[in-house]
Amino acid sequence: LSMVLKAYPEAAREKDRDGCTPLHRICANESASYRMMQTILDEWLKAKENRTSHSAISMISPVELYLHEVENLWDLVIRDDIKELFRHLSSLFEENNQSNPSLHYITAYFINTSWWNGVWLGIDRHPSIAKSMKLQTTVMADFLFTAGKRLSLASMMEVISNEPDLLEGV
């Protein structure tokens, strides 16, 4: 799967004759691994139109697919772990919804499931979450090095400004 996506990353966003992406199919396939779903999800999220609350929740909601008249696909049960990931992802993209889990909880969930691209996505959207992670000084350099490669410049500046001790004496 990784080799296919490396050679043709757009494959993760291609739709079949039923209007489904590979991510739709994996979410409805009980035998697909969680890691496989995360790999496709990482590519799927590279498209800006997929980085919305609606797009994330539509992956686990049959309502969107009924519009495409896909038969029998959603008769399969979507695993609870996949539903939970997409609910958290949807919450991450929503603004000012008090009923959503906290950013700290969402980040902890992504860390616990080892979805590191989800962690970076959360930090990029809400850089203040990095401060609440209470990283030890000994790992801060590695964190900032990786953050510099993964975050937007604006997010990186906010992460650094939330850590005034880093700039002390500079």
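**Rings and a buried serine**

Author: There are 3 aromatic pairs in the structure. This is a predicted model, where local features need pLDDT of at least 70, side-chain atom pairs count only at pLDDT 80 or more, and totals for chains, interfaces and linings use all residues. Residues are numbered from 1 along each chain as its sequence is written, and side-chain values use heavy atoms, leaving out hydrogens and water.

Reader: Why is the pair Trp120 and Phe143 called stacked?

Author: Rings of Phe, Tyr and Trp (its six-membered ring) pair if their centres lie within 6.5 Å; planes under 30 degrees apart are stacked, over 60 edge-to-face, and the rest tilted. Here the centres are 5.3 Å apart and the planes sit at 20°, so the pair of Trp120 and Phe143 is stacked.

Reader: What makes this pair a tie between parts of the chain?

Author: Trp120 is in helix 8 (residues 116–125) and Phe143 in helix 10 (residues 137–150), so the pair ties together parts 23 residues apart in sequence. Helices are DSSP runs (H or I, at least four residues), numbered from the N terminus.

Reader: Why does Ser53 count as buried?

Author: Buried means under 20% relative accessible area, exposed over 50%, partly exposed in between (1.4 Å probe, protein chains only). Ser53 has 14% relative accessibility, so Ser53 counts as buried.

Reader: Which residues does Ser53 touch, not counting those up to four places away in sequence?

Author: Ser53 touches Ser90, Phe93 and Glu94, where contact means heavy atoms within 4.5 Å.

Technical notes
Helix = DSSP H or I, 4+ residues; strand = E, 2+ residues; numbered from the N terminus.
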